[in-house]
Amino acid sequence: MSNALFVEVLLDQSLAKPLDYAVPESLQSQVKIGARVEVPLKKTLKQGTISGIKKTSKFPNVRSISRLLLPHATLSPALWQLAEWMSQYYACPMQKVVKCFTPPNIRKEIQAKLHQTVSLAVPLEEACLQVGKNSQQLEVIHALAAAGAPVALSELLARLGVSKSPVNTLVKKKIISLIAAPMADLSEEDFFSTQPKVLKEEQKACLSSILSSLEKKAFAAHLIHGVTGSGKTEVYMQAIQAALDQDRSAILLVPEIALTSQTIERLKARFQQKIAILHHRRSLGERSAAWDLLLRSEAQIVVGARSAIFAPAQNVGLIIVDEEHDSSYKQSDESPCYHGRDVAVMRAHVEKAVVLLGSATPSLESYANAQKGKYILNSLTSRATSAPMPKVQIIDMKTAYDKAGGFTHFSEELIEAMRARLEAGEQTLLFLNRRGYRRQQLCAQCRHVLKCPHCDLALTFHLSSQLLSCHLCLFHMSPPRSCPSCQSTESLEFKGFGTEHVERALHALFPTIRTLRMDRDTTKQKNSHEELFMQFRSHKADVLIGTQMIAKGFHFPAATLVGVLNADSALHIPDFRSGEKVFQLITQVAGRAGRADLPGEVIIQSFIPDHPILAFAAAQDYLSFYEAEIEERKLFSYPPFCRLIKIIFSGPDIDLVQQTAEQTHASISSLSLKGAHVLPVLPSGHAKIKDLFRFQFLIKTHSSQVLHAIAPLVPASSAHVFTKIDVDPLSTFF
Ligand code: ADP
Ligand code: ZN
Ligand code: ZN
């Protein structure tokens, strides 16, 4: 039995511990840590991932693995190391972490979606001779001859309106050839290729600093702090080229919402290579295709949202996280609650690669890391084009109300500025962080607010659907005629406004104005986001009204005015990151103004016009913002001066959830851990979502040991109470 070999297998279906299996001799040379296998469990076959290899097993009757799945898709040692780090850092069992690395297309062994193209295999005349009088076959041959290049099979069939049978016959006769290749790209369009731009001085300095890191083939982290429009993307593309020149691959992460055709077009226009595009709108077959291309090194560029950081790119040299401050990089709803940016830094570490974090408004954590020298700081302080930075003014809305004699969406200044844009044929962006028509309905008599019966949230009235809707679940209802609480019939009124209302008000003000609205209501359909964006860019509207969706990375050459309607509302959220979020949002929206040849103007409307955060944002002064904010974080001991751990409990029975939270809190407190400060149990900011009650508490700590001491005290999720550990939570309130 000296040749015996055993493996530990993490089954896909969650079980606490890996199980031991024997390896049949025929598979012994192939088993590796990170390989996918099929194994017997009771009377069925299950799938899993090998997490350990050993010569002996302490169990007497272990069964054998049945087969190796997708041997080419075995996790590389570097990715396995990354998974182990995530498991430690986020206090999450390997079973769940490994799930990130083996997405559904891999688990379900989904075949790569193939893209079939056909072309003539012999000269046209010869083809005609061979075919004779078969009219359908002749049609196919002539169409292919006219195209002069390979044609997508589906397109050919659709165009000619024929079945596949003439094609099959022609392939059999070797008159035409059919080639199947994995589909990598979102579309098969060709783009006009662009050449690398001649870099400005600051871009040049930034790139050469990155290149010298790349040459060392060792880990290095760069933070590119570049104002909006400073040409970060151009630097990214030239850095990617440098990595490709070293025959290493590059991963570009972008926020989900920014993953529109715009980013992809820019990359495709620059790189002739295949690009693996990964995001949630792609089918499993398309993802498998991207996976295959990467595993075979046929694609060396990956573009995707958060989870693309787990893509099996080979020999990674460069990882870029664009808009690194963006909250969509954090996974909060599910364990592991990882931050894509931090995983990116760690992946670069294990791959001995260079990581670039880029933003006009870096997160406090990243900028602090640059200050400490952990990251190399590269600053781009001016715009790459001739466009100057926009002129920004803050308007006091109290004064605006006085002048208007009551409520108004728009100050006089904003109205005049919009009028001027309309006359000049330029465009305006209006930003309002709330969708719908009226924010809530309440009773003037008894102050009862109409809330979702399943969530702790007021219902929003939507004009287009004429319904009160919940923004946390799918609940909706017609507005009632009488107050559900006091039955009064005359007293229901609406309060607060959303994007729909702003749109109506604009039409009342400027009857001929053409508007578009971009929020979650208008972008439900696939591609609607892109369509709205294209419509506005081709000037089909004068004004684009939107929620934070419009703040991210878009480029509208003719938009010269940005109006921020409720700049301060988010400042009231009791969370240590509120100020940072508002600063980021305003700076990013303001950055949309005047990016081409036309100068931009930004008008920020606020009821607290003297708030320092607004002043920093208006001055586009990140450094002063940083200095002020970091002082506060230090004073009150918040990240980056401590590490936060949030433990969340939820379930259908409010008492049981609270009890479990209190008990866990008590057992953690009783450890009296040094360097850990356990805060009290509180209902979450949304105390109920979809009929589940939510409680949470926070732990502030300076030591990574604390997490490992407390994690075992958090009960596993049960059918009654779900538990979740969120390390480095984005919000301490919600
Ligand atoms: P950012 O990502 O920093 O907001 P972009 O990369 O979108 O900025 O660049 C803004 C604009 O400047 C784009 O239209 C881009 O083509 C242009 N640009 C970038 N670098 C240069 C350069 N070196 N010379 C001329 N134009 C440039
Ligand atoms: Zn609800
Ligand atoms: Zn009432």
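Predicted model: local features only at pLDDT ≥ 70, side-chain atom pairs only at ≥ 80, totals over all residues.
Reader: Into which domains is the protein divided by the domain assignment?

Author: The assignment gives domain 1 as 6–77 + 91–102, domain 2 as 114–182 and domain 3 as 201–380. Domain 4 covers 391–437 + 497–624, and domain 5 covers 643–727.

Reader: How should I read the relation between domain 3 and domain 5, and how many residues are in contact?

Author: One may begin with the centres and then turn to the contacts. The C-alpha centres of domain 3 and domain 5 are 34 Å apart. Six residues of domain 3 are in contact with four residues of domain 5.

Reader: What area is buried between domain 3 and domain 5?

Author: Buried area is what two parts lose on being put together, summed over both. Here the figure is about 320 Å², and carbon and sulfur atoms give 36% of that area. On the side of domain 3, K330, S332 and C337 lose the most area to domain 5, together 73% of what that side buries.

Reader: Which side chains meet in a salt bridge there?

Author: For a salt bridge, the nitrogen must lie within 4 Å of a carboxyl oxygen. The side chains of K330 and D726 meet in this way, at 2.9 Å from N to O. The count between domain 3 and domain 5 is one salt bridge, while three residue pairs are in polar contact, both residues being at pLDDT 80 or more. The residues of domain 3 that touch domain 5 comprise three charged, two polar and one nonpolar.

Reader: Let us turn to the ligand. Which residues come nearest to ligand 1?

Author: Of the 18 residues around ligand 1, those that come nearest are V198, Q203, G229, G231 and K232.

Reader: Where do polar atoms of the protein lie relative to ligand 1, backbone or side chain?

Author: Both kinds occur. A backbone N or O atom of V198 is 2.8 Å from a nitrogen atom of ligand 1. For S230, a backbone N or O atom is 3.2 Å from an oxygen atom of the ligand. T233 instead places a polar side-chain atom 3.1 Å from an oxygen atom of ligand 1. On its own, ligand 1 has 560 Å² of accessible area, and the protein covers 83% of it.

Definitions and conventions: Residues numbered from 1 in each chain as written. Chains lettered and ligands numbered in written order. Heavy atoms only, no water. Domains from an automatic or database assignment. Contact = heavy atoms within 4.5 Å. Buried area = accessible area lost by both parts, 1.4 Å probe. Polar contact = N/O pair within 3.5 Å; in protein donor to acceptor, adjacent residues only side chain to side chain. Nonpolar A, V, L, I, M, F, W, Y, C, P; charged D, E, K, R; others polar. Near = heavy atom within 4 Å. Areas by Shrake-Rupley, 256 points an atom, 1.4 Å probe, with all protein chains shown as cover.
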